[in-house]
Amino acid sequence: MKSSAKKSKNRPPIKTFGGDEQLRMTTPLNAVAALDFFAEAGLLKRVKRSGWWVAGIENPETVAEHCFRCAVIGYYIAHCEEVDPYKVVTMTLFNDIHEARINDLHKMGHYYIDFRDAEKKVFAHQVALLDKRVKGALQAMRGDYEGQLSRESVVARDADILECLIQAKEYVDNGYPVARTFFKSAPGHLKTATARKLWQQALKWDSHAWWQNVVKFER
């Protein structure tokens with residue numbers, strides 16, 4: 001124990017990037033705006049994905065949970081489609097950030113209300129006071145995703161759709177047959193070969209099989 005403690009004292013100090021000069025250049029306004037933005041993102045941990053209510057699911061997943069798995073799926077598809085996985089992951093993580101202010105609106109609501117303008121307005125307000133480098137990067141990412149301008153944006157959108165479809169399949173497997181309704185039109189919007197193949201496999205996939213294979217019962 002003493003020798004390991006002695007060794008730790010001899011370790012070189014951890015170097016920080018930028019140093020005190022960069023810290024002085026970061027204005028309090030930037031720091032507060034960043035913390036506010038982080039808090040707002042945290043609200044998505046409590047915003048429910050409302051579309052599942054019409055399928056009888058009283059306690060569906062949150063927007064944050066959806067975005068997390070979107071990122072995982074997007075990372076996978078990006079490698080298979082040979083595009084930048086980190087750009088895809090960024091798009092999937094920030095895709096629904098506006099729902100912290102206007103909540104998730106299910107597709108019936110979208111039938112009557114054009115939410116696109118509201119989403120754009122919210123996003124503009126959310127990033128307005130952020131560090132200009134962060135603001136610029138997020139604005140460029142958002143424009144790319146909305147316009148489906150790059151291959152990465154197409155993959156990110158496929159990840160979003162496929163996550164919804166996989167979630168629907170899990171709900172069906174858990175006793176909510178009405179969730180199968182989401183199987184009808186969503187698959188037709190998948191653009192990448194990888195996403196389409198994954199969905200075709202998911203149709204005959206048992207979403208509970210993975211954990212049954214790793215459960216060990218002993219007496």
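Is Phe183 buried or exposed, and at what relative accessibility? Keep that in mind; the tour returns to Phe183.

**Before you start.** This is a predicted model, where local features need pLDDT of at least 70, side-chain atom pairs count only at pLDDT 80 or more, and totals for chains, interfaces and linings use all residues. Residues are numbered from 1 along each chain as its sequence is written, and side-chain values use heavy atoms, leaving out hydrogens and water.

**Stop 1: Trp52 and Phe182.** Select both rings. Rings of Phe, Tyr and Trp (its six-membered ring) pair if their centres lie within 6.5 Å; planes under 30 degrees apart are stacked, over 60 edge-to-face, the rest tilted. The model has seven aromatic pairs by this rule. Here the centres are 4.6 Å apart and the planes at 50°, so the pair is tilted. Trp52 lies in the loop between α3 (28–43) and α4 (63–80), Phe182 in the loop between α10 (151–173) and α11 (193–203), so the pair ties together parts 130 residues apart in sequence. Trp52 is buried, at 4% relative accessible area. Phe182 is partly exposed, at 28%. Buried means under 20%, exposed over 50%, partly exposed in between (1.4 Å probe, protein chains only).

**Stop 2: Phe183 and Trp199.** This pair is edge-to-face, with 5.1 Å centre to centre and 75° between the planes. Phe183 is in the loop between α10 and α11, and Trp199 is in helix α11, 16 residues apart. Helices are DSSP runs (H or I, at least four residues), numbered from the N terminus. Phe183 counts as buried, at 13% relative accessibility. Trp199 is buried too, at 3%.

**Stop 3: the cluster.** Select Trp52, Tyr171, Tyr176 and Phe182. Ring pairs link these four residues into a cluster.

Methods: Helix = DSSP H or I, 4+ residues; strand = E, 2+ residues; numbered from the N terminus.
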